[in-house]
Amino acid sequence: MKMFYQGIAIAVVVTALAVAFVPGVDEYVEGTAQRIVGSWAR
Amino acid sequence: MDMIKRLVTIVACLLLIPATAVLTAAVKQRYADGPNRFFSGGPLVAGDMHTGAEPDWSFVNEIVTIELQLVDPPRSRRIWTVEHGGKLYVWSGYMGTTVGQWWKGWPPQAERDGRAILRIDGKRYERQLVRITSGDILDGITKAITDHYPSRTTRAGVEAGDVWLFEAAPRT
């Protein structure tokens with residue numbers, strides 16, 4: 001389990017950095033969130 | 001029981017990754033000049049501010065979305081718009097649903113303080129949002145909406161509060 005937690009911590013940090021700094025990643029995240037919330041609202 | 005607890009922990013940890021992605025994207029957009037598609041943005045800064053006579057708003061019928069910022073709170077979002085009878089209108093759907101009320105925070109804020117800035121084709125306009133809840137004019141406005149967008153907005157929907165409709169009137 002310890003390795004799993006370490007992997008999750010690394011994944012969380014990498015995700016945050018990718019969304020913050022890699023062009024296009026934030027737009028992908030936004031488009032996905034929009035589709036999901038839009039389907040809930042209908 | 002330990003197995004269930006461990007399973008819940010694993011699922012929660014895995015959900016932390018997409019949650020981090022969404023939160024980071026939302027925070028990043030909050031500091032940007034204007035919104036993206038879904039997350040609200042910061043104040044609209046770039047673009048000349050329109051001064052002078054009231055524009056001929058018919059040009060917005062060729063535009064898909066505009067940027068709308070409230071003065072208080074100073075956050076912006078991308079929305080649909082139509083012109084009808086020489087006036088400009090914006091609206092928010094899904095207001096009759098729980099998710100819609102959680103998602104669309106700006107309509108109640110606009111009802112409290114309607115001062116707004118629109119940015120259309122890179123130009124900014126100071127406006128006053130005035131909610132319209134009834135009246136025969138809704139027939140024409142909702143027809144303009146459904147002619148322009150794949151929308152099921154109806155007069156009954158506006159009158160029932162499922163759609164909050166505002167005229168973007170001149171700031172007095």
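Predicted model: local features only at pLDDT ≥ 70, side-chain atom pairs only at ≥ 80, totals over all residues.
## Chain A: two helices

Chain A has two helices and zero strands. Its C-alpha trace spans about 40 × 25 × 10 Å along the principal axes. Of the 42 residues in chain A, 12% are buried.

Helix 1 of chain A covers residues 2–21. With 20 residues at 1.5 Å a residue, helix 1 should span 28 Å, and its end C-alpha atoms sit 29 Å apart, so the two values agree. Is this helix mostly buried or in the open? The number of buried residues in helix 1 of chain A is two out of 20, so the helix lies largely in the open.

## Chain B: helices and strands

Chain B has five helices and seven strands. Reading from the N terminus, its elements go α-β-β-β-β-α-α-β-β-α-α-β. The C-alpha atoms of chain B fill a box of roughly 70 × 40 × 30 Å along the principal axes.

Buried residues account for 32% of the 172 residues in chain B. As for contacts within chain B, take those with a separation of 6 or more: 60% of them join residues 24 or more positions apart.

## Where the chains meet

Now for the interface. On the chain A side, 17 residues are in contact with 18 residues of chain B. Which elements of chain A give two or more residues to that side? They are helix 1 and helix 2, the latter at 25–41. Helix 2 of chain A brings the largest share, ten residues. By type, the chain A side splits into eleven nonpolar, three polar and three charged residues.

The crossing is right-handed.

From helix 1 of chain A, the contact uses Ile8(A), Ala11(A), Val12(A), Thr15(A), Ala16(A), Val19(A) and Ala20(A). Helix 1 of chain B answers with Cys13(B), Leu16(B), Ile17(B), Thr20(B), Ala21(B), Thr24(B), Ala25(B) and Lys28(B). Taken together, the residues of this contact are eleven nonpolar, three polar and one charged.

## Backbone spots to check in chain B

Where is the cis peptide bond? It runs from Asp72(B) to Pro73(B), with omega near 0°. Pro73(B) sits in the loop between strand 1 (66–70) and strand 2 (76–79) of chain B.

The other two spots concern phi. Tyr94(B) is not a glycine, yet its phi is positive, near 60°. This residue belongs to the loop between strand 4 (87–92) and helix 2 (98–103) of chain B. Tyr94(B) has 20 other C-beta atoms within 10 Å, so it is buried. Asp121(B), also not a glycine, has a positive phi of about 50°. Its place is the loop between strand 5 (115–120) and strand 6 (123–132) of chain B. With 10 other C-beta atoms within 10 Å, Asp121(B) is exposed.

Methods: Residues numbered from 1 in each chain as written. Chains lettered and ligands numbered in written order. Helix = DSSP H or I, 4+ residues; strand = E, 2+ residues; numbered from the N terminus. Expected span 1.5 Å × (residues − 1). Contact = placed C-beta atoms within 7 Å. Nonpolar A, V, L, I, M, F, W, Y, C, P; charged D, E, K, R; others polar. Left-handed = near helix turned anticlockwise from the far one by under 90°.
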